[in-house]
Structure formats: C-alpha cells, structure tokens
Amino acid sequence: MTTVRQRRVGKGTEAAEDQPSEETNVKPDGKIPSDHTGGKLWNVLSITVGGIVAISLGLLTSVYVATLHENDLWFSNIKEVEREISFRTECGLYYSYYKQMIQAASIQQGLHGLVYDNKTESVRTINILERMNVYQEVFLSILYRILPIQQYLEPVYFYIYTLFGLQAVYVIALYVTSWLLSGTWLSGLLAACWYITNRVDTTRVEFTIPLRENWALPFFAVQIAAITYLLRTHLQPVQERLTLMAVFIATFLFSLTWQFNQFMMLIQALALFILDCLDMLPTAKVTWLYIIQISALLLVCVLQFFNSMILGSLLISFNASVLIARTIQKNLKKGGLLNRLGKLILHVLLVLCLTLLINKFLKKILNLESDEHIFKFLKAKFGFGATRDFDANLYLCEEAFGLLPLNTFSRLSDTLLFYVYVFVLFLMAVAAVVVAFRNLSGSNQVKVMEKMEECTITLKPDAAYSLVHTVLFGCLALSTMRMKYLWTSHMCVFASFGLCSTEVWKLILKCVHLYTSQRAQVIKYSIPIITLLYISYKFWPGIMDELSELREFYDPDTVELMNWIKSNTPNTAVFAGSMQLLAGVKLCTGRTLTNHPHYEDKNLRERTKKIYQIYAKRSPEDVHGILRSFGTDYVILEDSICYERRHSRGCRLRDLLDVANGHIMDGLGENEPDLKPSLYPRFCEEIKKNLPSYTTHFTRVFQNKTFHVYKLAKHK
C-alpha cells in the first residue's frame, strides 16, 4: 500500500441581442471616462495590469502545486521505480505510453508500437490510439525527443511540469471568464484566489498528475472563456470569427484529451438548448456552438481511428436532433405565452424522440456496447431497479462515484465561497425566471418593460449561460463526487462575478430604494476587496505551513515487488491481478498484462471479471483454466483485496464477485434469498495453505507483507 511519511532530515440577430446592456463603453474596471483619450489610456492601463495579475496568479498556482507535489513525495530524491509507482492506478497506465514512446528506437517505431500493441492486453492486439486518449503523451514524447533538453531535464520532469504548467492556463482562463462577466479584473483576482484556497475541492493535480481530467479541464475552461466572450453583444464580424475559432480549438483539445468529453459536452449542449428555447441566447451563435461540438468530436473520432464510442455518443445524436427539429419547427419563437409553451413542449418532445431514435440507430449499425456499463450504473444509481451487474456495482461502491459529501460545503463555506455562490445563484435564478417569462410572453408593453428593466440588465446572454452552466454541472457534482471539479472551479468564477457585478448591486440597491451610481460602484469594489483581505488573513498562514511540511514517498512492498519482477521474470511474461496494480506493473517492468484500469471496452470488462475470480469462491482448476486462457504466467494476489476492510459488507470486491456468481457473501448480515453457498472456499485464502490441489497448478515464487506471486503450471 502506497503511503507518505514524515521526511527524514537529510453574430446574432435574435431578441436576446437587443436586450439592454450596460457593457457599451464600459471600461474593464467599471468606470466610464469622460475624456475619450483619457478613457483609452485608462482602458489600456487596466487591461495591462489585469493581464499581468492574471499571468502572475497562473504561474504562482503552477509553482504552488509543483511544490506541494515535491514536498509530499520528495520526488527529486526518490528512485525511478518509486516515482513511477507514485503514478497510481490508471495514471500509471497513461504515463507508461509516454515512457514507451521515449524509449522507442524512433518516433515511427514508437507509434507502430501503440497502433499494434500486444502487451496491454495479453493474447490480443489492440490500437492504443483508438482505445485511449493518449495523444497528449504522444505529442509530449515527440516534443521531448526533438527539443535539445535531454541533458538538462529528465523525461518525467518534462511530463509533470507540462501538467503543472497547464494549471496556469486553467487559472488564467477562470480569471478571464470572471473578468469578462463582471467587467473588472478584480473579479478575476477573487476567482483565482478562491480556486487556490479551495484547492482540495477544485483540483487534484498534485497527486493524480497524468489523470485525463488534468489535461482536459484547462482546455474546457478556455472554451468557456471563449464562449463567454462570443455571447457578448455588438461583436465585430472579425471578432466573432476569431472567437469561434478559439472555441473550436479549445473544444477539440478538450475532446482529444478525455474519454468522458462527450458526456461533459452533452451537459453543455443541454444548457445551450434550454437558453435557446427560452430565447435568452442568440440562436445563430447557439447553432454555431452545436456545429463546433459535432465537428470537434468527429475530428477526434478520425484521429482515434473512427472510435465507435464517439460515433454512437448521445452528444452527436442530441445536437443533430436539435438542428433537425429546429428546421421542422420554424416558427418556434412566435406567438403568445400559451402558444409558445405549447410549441416548446412539442419541440422538447421532438428533440428527445429524435435523439433516442438516432442514437439507437447508430448503436445498432455500429454494434456498440462499449458504454453500456455507464447506463447500467446510472440506472442503478438513480433507483431504477437493483442490479447484480458486476461492472455497475463496481462503480456504485466507489466513493468517487457516490454523492457529494456534506463536508465539501463546510470547506467551501470557510472561504465564504459557498455563501457568496448561493447568494448570487438565488438572485440570478430569480432574474432568469422573470426574463424567461417575459421572453415567452412576447409582451412589449411599456409598463412591463419598465418593471423588468433591472432583471434584463443583470442577465445578459453571457451571464445567462454561466447561470445554467453552473446549475447543470452542480447537479452532476452533487450526484457524482468525482465530477465536482467541473463545478467547484466554475463556482469560483460565478461567485466572484456576482460579487463584482454592477448589475447585481444595482438590482439589490433598487429593491431597497437605495440606488445611486456612486453607491453601487463603492460596493462593487469594497465588498470584493474586504473578501480578499479576509481570505488572505485567514488562509495565508495555512498555505505557508502547508508549503513547509515535508514528507517522503514510502511503499517498500510495491518497490520490492517491481524489482523482483524485473529481475526474476522474462520480458515476455504475462501477469494477472487487480487492474490498479497491473497498471504499475506495465509502467515499472514493461511486462504484458491480462487486464488494466481503462474500463471503456466490453471485452476488457468481461475479461476483468473473469480474472477477478482469483478473489471469488472458485476451484483451483477453474481459476487456473481462466488464467491460462489469457496466457497468464504469473498471478499477483493482494491481501488488501482478499481481506478488504475499506468497504462495508456488500461493497467489498469479494462480495461483488460472490453476488455476481450467485453465492452467499461472507460475514454477518442478510443475503438475497436465491443466493446459495459455494462448493469451494475463497481461492485467495485457500491457496496460501499450499494444499496439493492448489500446488499442482500454482507455485508461490514471491511474497512479502502485501503481495503473493504465484507461477502457473503450463499443463498440456
């Protein structure tokens, strides 16, 4: 088990475009200079200072997370094998392809080894570039080989520094988004500070460096910043075209670097769909965004050798359905309230039916089953029937796929982020309901317009998008803890925007009959500054203490195992075991695996379930036959799985296997009535007794406090 220990000393034409806006001639700091020349100078000065602050904060964040990583592991001092073991589970698998490309005799041979890979899954040749999102590793390895830096920088440092550098891009993108929404870079400063002080809930890059989300989320943040700018009114055609190009590039890079891209962009497409239906966004721009999403995903599909999971994604089906439905219903945004509501309901139903039909048709012709485990998991998670499906239960029992813990809100409240977020969210939600009702009513009466003026000002298209975006991703985070990083980072942007927004304070002051322009400006600046001072006072000492705390990587059992494998087994040996451990085996030793943690393939999931019978109640003959069918030479058993205590009864791996096999679970507690006792004891326990029925098939060749390695007899 890996631990750390204390270190030893040593263009739009739609109605929404015509909404009143206060952004014309408003300078980034919120002031409207009386003199034109002076105004231009002030504008340039403000943008310059704001830009310098953004870049500085981004770089500081990169240095901060890099220092935390070094202090936690003493990465610069530990051995190469220890560095590689620190890339846990799937992180190690992804990094292994970077290492493979670096060690290849040539770039061409490295690419050939990825396209025709027979070491990731034994007795099977797979295309890594098709199955996994590892183009970033390929690009980085090629860059390392062609740049004259080999003498000065080790490959592992080039890799991790790139990821830490992307954190600078991430923070700058959040900063710019908040600045664009509020009109002042002070908002961006507050967003960045909140991101840093809530690091535990906004990122996990310092201890899961190669994870796909750490590559993808910076590009997603850049895309959101570009969309925020695109949705501003009165953009010049050139500005609009350049922004659309930026959105496309960011969307493409986001899609290329994360296998869950289609699900995240589906939520984004739903946000655009909702706002377009409520006439809160310009339809022309929304159409372009739909097209960009489809185009980026199809380009990734081509690069991934026409990956069927992308072609059969709900995103492509949904976006195509929206565009088709809009062509059929051309007068969707005309008529009175009841007329509009009727059309809207029909439109939603049409889109939904078309999406399901198109998606079912695509999956049928593609024979696609790679993502079925996700839908089984969602069905069970939201109470649409219990399941004994091993794969679905494997996700359901993991804390990362559970509900968002309540203590998350306690930590976010300590920095005032959650309180401000809820306050801004409530105001914006009320404004959105009123504006949506006005848009659907189609009323042009003067009294109504006067009554709604405040809300119209506070809910420009970019703010409306930000509102729905944060609500939808908030729902995702609440239901699945692993996805909280998509929400919490945008929470920093949304809360800081609301606190620094002239429109928000104008609305509040008008409601209490205290509004003056000067008073709104004073509050707009003073409240954020006070908040920043509070955050600095409360959290600066803690950050300093955190940076001074020195620890050291410590996992001697895994190090011993990896060294033994490298020294005592042939390079062609095939290893079976848990997905998480085998990723490390591939990275550290280069041996062939039977299974691995990249779970988005039906055949691999079936293979993993069979391999995991080593922790089930099966006969030694059955287990030996299963393992040898995959060409296994050695099997690694882990005490931490065999005698697992981390999960409660019913969620331990051995319990999931027992239920899937129709066997009664171990220990006190209820069992489903149709489960029966197994005829055999648990394999991982019984094999250690060296009984003849086991030693005939398995010979123990290595053991320590954590691992037991058995060599399989090769019977004819």
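This is a predicted model: local features need pLDDT of at least 70, side-chain atom pairs count only at pLDDT 80 or more; totals for chains, interfaces and linings use all residues.

Colleague: Great. Which domains does the assignment give for the protein chain?

Modeller: The assignment gives domain 1, covering 163-548, and domain 2, covering 556-712.

Colleague: How far apart are their C-alpha centres?

Modeller: The C-alpha centres of domain 1 and domain 2 are 42 Å apart.

Colleague: And how many residues are in contact between the two?

Modeller: On the domain 1 side 15 residues are in contact, and they meet 21 residues of domain 2. The area buried between domain 1 and domain 2 comes to about 1600 Å², with carbon and sulfur atoms giving 57% of it. In domain 1, the residues that lose the most area to domain 2 are Arg388, Phe390 and Cys397, which together make up 46% of what that side buries.

Colleague: What about charges? How many salt bridges cross that interface?

Modeller: The rule finds two salt bridges across the interface of domain 1 and domain 2. As for salt bridges in the model, Asp391 forms one with Arg605, where the closest N and O atoms are 3.9 Å apart. The count of residue pairs in polar contact between domain 1 and domain 2 is two, both at pLDDT 80 or more.

Colleague: Which elements of domain 1 give two or more residues to the side that touches domain 2?

Modeller: Those are α17 (372-381) and α18 (390-396). The element that gives the most there is α18, with five residues.

Colleague: Is α3 enclosed or open, and why?

Modeller: It is largely enclosed by the rest of the structure, because 12 of the 15 residues of α3 are buried. Among the buried ones in α3 are Cys91, Leu93, Tyr94, Tyr95, Tyr97 and Tyr98, and Lys99 is on that list too.

Colleague: And α22, how far does that one reach?

Modeller: Helix α22 (residues 461-479) has 19 residues and reaches 28 Å between its first and last C-alpha, close to the expected 27 Å.

Colleague: What does Ile310 touch, leaving out residues up to four places away in sequence?

Modeller: Ile310 touches Leu297, Val300, Cys301, Gln304 and Ile316.

Colleague: Last topic, those backbone angles. What is the phi of Asn367?

Modeller: Asn367 has a positive phi of about 55°, although it is not a glycine. Most residues other than glycine have a negative phi. Asn367 lies in the loop between α16 (337-366) and α17, and is exposed, with a relative accessible area of 61%.

Colleague: And what about Leu416, where does that one lie?

Modeller: Leu416 lies in the loop between α19 (407-414) and α20 (417-441). Its phi is also positive, near 70°. At 26% relative accessibility, Leu416 counts as partly exposed.

Note on methods
Residues are numbered from 1 along each chain as its sequence is written. Side-chain values use heavy atoms; hydrogens and water are left out. Buried means under 20% relative accessible area, exposed over 50%, partly exposed in between (1.4 Å probe, protein chains only). Helices (H or I, at least four residues) and strands (E, at least two) are DSSP runs, numbered from the N terminus. Domain bounds come from an automatic or database domain assignment. Contact means heavy atoms within 4.5 Å. Buried area is the accessible area (1.4 Å probe) that two parts lose on being put together, summed over both. A salt bridge is a side-chain nitrogen of Lys or Arg within 4 Å of a carboxyl oxygen of Asp or Glu. A polar contact is a pair of N or O atoms within 3.5 Å; within protein, one must be able to donate a hydrogen and the other to accept it, and residues adjacent in sequence count only if both atoms are side-chain atoms. The expected span of a helix is 1.5 Å times one less than its number of residues.
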